[in-house]
Amino acid sequence: METIPAPDPDLDRRIAARLKTLRQDRGWSLDDLAGRAGVSRATLSRLENAEVSPTASVLGKLCAAHGLTMSRLMLMVEDDFAAWVPERAQAVWVDDSVGFRRRSVSPPAQRLAGEVLACELAANASIAYDQPPRPGLEHHLLMLEGELSITVDGHAYGLLPGDCLRYQLFGASAFVTPPHSGARYLLFIV
């Protein structure tokens with residue numbers, strides 16, 4: 001039976017602080033970032049003050065505005081590089097609004113090109129990203145359980161256990177599960 005690490009209770013606060021620092025380092029006002037990311041100024045203010053947790057969709061938009069992958073953002077708020085990452089130390093981020101759970105199995109590091117995420121998406125869930133955080137970002141998605149429909153740059157794919165989808169992101173993407181099944185998958189990012 002899989003041991004599921006608990007979500008990090010301080011992670012939202014650290015994400016909030018990092019988002020505020022990223023915006024301020026660029027000299028952007030909340031209105032500037034709202035225009036670039038397509039997220040309301042009020043939502044940005046609440047996120048930066050850790051009054052609300054970011055959803056996967058909003059975090060994706062903010063990462064795209066800053067030219068970062070979500071995992072790179074998480075690296076900025078997680079601990080330093082470690083060669084051995086026991087499961088109990090793997091950062092977990094949850095978006096309860098869509099039933100998405102992301103565990104950083106092999107977190108990004110300055111000297112390593114790739115990373116691995118263990119993801120779970122509830123039944124009848126949908127996450128859409130308007131643009132990639134970095135054009136050409138390479139993904140290798142390995143389905144472990146369930147069913148998942150993925151649309152990448154206008155091409156739709158239906159994935160079942162054992163299937164692998166390899167792609168580079170240049171445009172919008174969406175992850176959707178059917179009403180009768182969630183999905184569990186590994187995402188390798190290079």
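The side chains of Glu48 and Arg23 meet in a salt bridge, with N and O 2.7 Å apart, the term meaning that a side-chain nitrogen of Lys or Arg lies within 4 Å of a carboxyl oxygen of Asp or Glu. This pair links distant parts of the chain, since Glu48 belongs to helix α3 (residues 41-48) and Arg23 to helix α1 (residues 11-25), 25 residues apart. Helices (H or I, at least four residues) and strands (E, at least two) are DSSP runs, numbered from the N terminus.

The model is predicted, so local features need pLDDT of at least 70 and side-chain atom pairs count only at pLDDT 80 or more, while totals for chains, interfaces and linings use all residues. Residues are numbered from 1 along each chain as its sequence is written, and side-chain values use heavy atoms, leaving out hydrogens and water.

By the salt-bridge rule the count comes to six, and among them is the pair of Lys61 and Asp130, at 4.0 Å from N to O. Lys61 lies in helix α4 (residues 56-66) and Asp130 in the loop between β4 (126-129) and β5 (137-146), so the pair ties together parts that are 69 residues apart in sequence.

Glu120 also forms a salt bridge with Arg101, their closest N and O atoms being 3.6 Å apart. Glu120 is in strand β3 (residues 115-121) and Arg101 in strand β2 (residues 100-106), so this pair joins parts 19 residues apart in sequence.

The table gives relative accessible areas, where buried means under 20%, exposed over 50%, and partly exposed in between (1.4 Å probe, protein chains only).

| Residue | Relative accessible area | Class |
|---|---|---|
| Glu48 | 10% | buried |
| Arg23 | 9% | buried |
| Lys61 | 23% | partly exposed |
| Asp130 | 54% | exposed |
| Glu120 | 25% | partly exposed |
| Arg101 | 14% | buried |
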